[in-house]
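Colleague: Please take one part of this model and go through it closely. I would like the sheet, its packing and its aromatic rings, with cut-offs.

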Amino acid sequence: MSEYKSSLDQAEILRLAILRSIANPSKPTPPSLASLFGPASSPQPSSLLGLLGSMAAMPPALLKSVRTPRKVFFSFHYDDIIRVNNVRNIREFQDGTSIESQAFYDRSLWESSKRANPESLKQLIREGIKHSSVVCVLIGRNTWERPWVRYEIGRSVIENKGLLAVDLNGVRHHRDLCPDIRGPNPLDYMAVGKMHDGTFRLFEFTQSGWVRYGNYLHAVSLPHYLPMPQVDYVTPLSRGTIRYDFAQQQGAKNLGAWTSLAATMARR
């Protein structure tokens, strides 16, 4: 990291080290744009503090960034709304004094989705994400295949927002009273590819393999949390983002810190 020593402060060097360890721990060969291989798996840290170490040992600038409240856009499949509301309403039973309980704001648009036509809903999504710092994908059994979820993930890249994924399957449904099947990570199915002209474009994984994302064909910036793809290759978004488990990793306590870390990784 000698090339960074003269221009980056301690907090930024630590942030880059964290980012690199998350995004590309084993330097896997990226999948080709034309390949039929499945998406790569995402990293799954056992806990936030297991990833970062003690907050007390973090440089003040990075610690301040992780503690900074963020506006969060929740992306999810409407069929999971009961479990989603367990996440969206956690502030109702927080005491309001911890960092985590103050560290996110709900900007989800599910209330409007029932009455909006597709173009109107796209506009609502664009506005919601534009005024947020982070997109948090709440994962249920079939979230990975939902077109609106992919649209929201794509917009997070277009708008240079932080991005993370949180499993909902461990949250008990009030009717079934049991966990659900763990779904695939939607961030495995969206990617950024590098073209021959040096620009970056959005891709999605379909039955035909990796194809250009039809809802946005313009160039995008490579997210700060992603490793650089080779020309004619893609890097799935899961390579540089973190997937958490809301039930197993105490999401009611830690969600604010998770979203703040995602924003920090994206330099928000």
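Modeller: Helices (H or I, at least four residues) and strands (E, at least two) are DSSP runs, numbered from the N terminus. By that rule, Ala191 lies in strand E5. This is a predicted model, where local features need pLDDT of at least 70, side-chain atom pairs count only at pLDDT 80 or more, and totals for chains, interfaces and linings use all residues. Residues are numbered from 1 along each chain as its sequence is written, and side-chain values use heavy atoms, with hydrogens and water left out.

Start with the sheet. Four strands make up an open sheet, in the order E7-E6-E5-E8, and their pairing is antiparallel. Two strands pair if DSSP finds at least two bridges between them. The edges belong to strand E7 (209-212) and strand E8 (234-236). Each has a single partner strand, so one side of each has no neighbour in the sheet. From one strand to the next, the twist averages 35°. Strand E5 (residues 190-194) and strand E6 (residues 200-206) run antiparallel and are joined by five bridges. Ala191 has Phe203 as its bridge partner in E6. Helix H8 (residues 147-158) packs on the sheet and touches E5 and E6. The direction of H8 makes about 160° with that of E6; axes are lines fitted to C-alpha atoms, for helices over the stretch in contact, and angles run from 0 to 180 degrees between N-to-C directions.

Now Ala191 itself. Ala191 is buried, at 0% relative accessible area. Buried means under 20%, exposed over 50%, and partly exposed in between (1.4 Å probe, protein chains only). Contact means heavy atoms within 4.5 Å. Leaving aside neighbours within four places in sequence, Ala191 contacts Arg201, Leu202, Phe203, Trp210, Val234, Thr235, Pro236 and Leu237. Trp210 is 19 residues from Ala191 in sequence, and the two are 8.5 Å apart, C-alpha to C-alpha.

Leu237 extends the picture. With neighbours within four places again left aside, Leu237 touches Ala191 and Val192, and its other contacts include Ile153, Val157 and Tyr225. A nonpolar core is a set of buried Ala, Val, Leu, Ile, Met, Phe, Trp, Tyr and Cys residues joined through side-chain atoms within 4.5 Å. The largest core has 50 residues, and Leu138, Val166, Val192 and Leu237 have the most contacts inside it. A second, separate core has seven residues, among them Tyr189, Ala191, Trp210 and Val234.

Last, the rings. Rings of Phe, Tyr and Trp (its six-membered ring) pair if their centres lie within 6.5 Å; planes under 30 degrees apart are stacked, over 60 edge-to-face, the rest tilted. The whole structure holds five aromatic pairs. One of them is the tilted pair of Trp144 and Tyr189, at 5.0 Å centre to centre and 35° between the planes. Those two are 45 residues apart: Trp144 is in the loop between strand E3 (134-139) and H8, Tyr189 in the loop between strand E4 (162-167) and E5. Trp144 is partly exposed, at 23% relative accessible area, whereas Tyr189 counts as buried at 15%. Tyr189 also pairs edge-to-face with Phe205, at 6.2 Å centre to centre and 65° between the planes. Phe205 is in strand E6, so this pair ties together parts 16 residues apart in sequence. Phe205 counts as buried at 13% relative accessibility. Ring pairs join Trp144, Tyr189, Phe205 and Trp210 into a cluster.
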